[in-house]
Amino acid sequence: MNINLPNFNVKNLVKEAGSTISRVVQLTEEKLGTTERTEYDLHFQNLAERADVTKTWTEKIVRDTESVLIPNPQNRVEDFIFEKIEKSKPKRLSNLEHLALDMIEAGGDFGQDLPYGQALIKVGQAEQKLGRCEHDFIATSGICFTQPLRKFLDGEMKTIGKERGILETKRLDLDACKNRVKKARSMLGQQSKDGISPEAVLEQAERDLRVAQAEFDRQAEITKLLLDGISTSQASHLRHLHAFIQTQVRYYKQCGDVMEQLQRELANLGGPTPYIPLDVNEASASKSNISSGAAARGPGNNHSANMAATGHKPNQPMHVSTDQMQRARVLCSYDAKDHTELNLSANEVIFVTECSPINEDYMYGKQGLLKGLVPRAFVEMLDEEHDVTL
């Protein structure tokens with residue numbers, strides 16, 4: 001029976017084993033502080049430190065961006081596996097699309113002729129559009145931002161790490177050769193050992209040192225060139241970041257357009273409680289005016305600043321006494337415009353009092369445990385002359 005054994009170069013194996021043992025000894029002595037080591041120059045150390053910082057933060061940015069785009073960690077792992085085996089990712093519905101389907105189905109069951117059913121269907125259709133916008137945003141963000149950064153980590157940074165590892169090996173070999181030269185010089189003048197004179201040992205050690213120094217210098221230059229290339233990579237990353245921001249702007253603009261269209265459709269439905277569209281630009285301008293007005297006037301005049309910014313409505317009830325309030329009946333239903341107002345139902349009885357300072361359009365109301373602003377035109381006083389103590 002013939003067995004074909006691989007052709008091992010025993011001489012090379014012995015040489016490699018000897019080099020490995022020499023590196024281990026050198027590293028151990030460095031850890032113990034019993035030998036000197038070759039230090040990298042300051043420029044190289046700065047480049048290496050920048051590379052480490054770049055790698056750490058790029059990994060965090062990629063991980064955090066993927067968490068924002070795909071919050072479900074199980075889906076992220078699944079997508080990663082499909083990407084590695086080079087197969088198309090599974091098509092899954094987002095939470096918005098699940099909500100849209102349920103709203104549309106509920107609207108159909110409640111009745112498409114009823115206001116609530118019609119509104120549910122309209123909202124469900126809008127949520128479907130938002131879901132499609134979200135899918136496009138996730139896909140585009142991956143192409144223009146996360147994938148290039150991950151490619152940088154898997155390609156350039158891994159190459160840099162590999163070359164730095166080789167450089168460290170060359171450094172250990174260089175320092176081991178320096179120690180052998182030092183030892184050989186200390187043996188000069190002594191008797192020959194194993195038939196080899198100390199001069200011959202020194203000559204061989206110096207020859208090995210020259211070779212090790214040349215290999216170390218060559219590897220240091222290769223590694224330094226790769227580390228210098230990180231500046232170019234960061235310039236590329238900046239372009240990818242700009243593309244990601246542009247993708248976000250387009251996504252939120254699309255979402256805003258969908259919601260504006262939905263507001264118009266809901267307002268056109270009419271019904272017993274018609275939808276009142278929210279003017280986002282006006283609300284943003286009001287908040288901006290409130291902030292700038294309060295800053296310009298100082299903390300002592302916040303009430304005047306709020307009323308000037310919004311026209312008549314105070315930003316929030318301040319210094320309103322709740323000890324003495326009056327009963328009032330709601331004339332017709334009212335949907336709160338924001339968190340400072342109360343939702344009102346026709347004919348319900350609530351407690352109200354004047355704001356401080358008095359506001360011509362709003363009163364301060366109490367509805368059970370809820371408190372907030374109430375439009376003056378929507379209520380009529382029941383006991384103008386008799387206060388009710390709460």
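Biologist: Is Gln219 buried or exposed?

Modeller: Before I answer, please note that this is a predicted model, in which local features need pLDDT of at least 70 and side-chain atom pairs count only at pLDDT 80 or more, while totals for chains, interfaces and linings use all residues. Residues are numbered from 1 along each chain as its sequence is written, and side-chain values use heavy atoms, with hydrogens and water left out. Buried means under 20% relative accessible area, exposed over 50%, and partly exposed in between, with a 1.4 Å probe and protein chains only. Gln219 is buried, because its relative accessible area is 9%.

Biologist: Which residues does Gln219 touch?

Modeller: Contact means heavy atoms within 4.5 Å. Leaving aside residues up to four places away in sequence, Gln219 touches Glu163, Ile166, Leu167 and Lys170.

Biologist: In which helix does Gln219 lie, and which residues of α6 are buried?

Modeller: Helices (H or I, at least four residues) and strands (E, at least two) are DSSP runs, numbered from the N terminus. Gln219 belongs to helix α6, residues 198-228. An α-helix has 3.6 residues a turn, so residues three or four places apart point the same way. In α6 the buried residues include Ala212, Phe216, Gln219, Ala220, Thr223 and Leu227, and among the elements covering the buried residues of α6 are α2, α5 and α7.

Biologist: Which residues touch the most other members of the largest nonpolar core?

Modeller: A nonpolar core is a set of buried Ala, Val, Leu, Ile, Met, Phe, Trp, Tyr and Cys residues joined through side-chain atoms within 4.5 Å. The largest one has 36 residues, of which Met157, Leu167 and Leu227 touch the most other members. Two or more residues of this core come from each of α2 (42-69), α5 (115-186), α6 and α7 (230-269), and α5 gives the largest share, 16 residues. A second, separate core has 14 residues, including Ala328, Ile350, Cys355 and Leu373.

Biologist: What is the phi of Asn347, and which residues does a cis peptide bond join?

Modeller: Most residues other than glycine have a negative phi, and most peptide bonds are trans. Asn347, although not a glycine, has a positive phi of about 75 degrees; Asn347 is placed in the loop between β1 (324-330) and β2, and is exposed because its relative accessible area is 52%. The cis peptide bond joins Ser356 and Pro357, with omega about 5 degrees, and Pro357 lies in the loop between β2 (349-353) and β3 (362-367).
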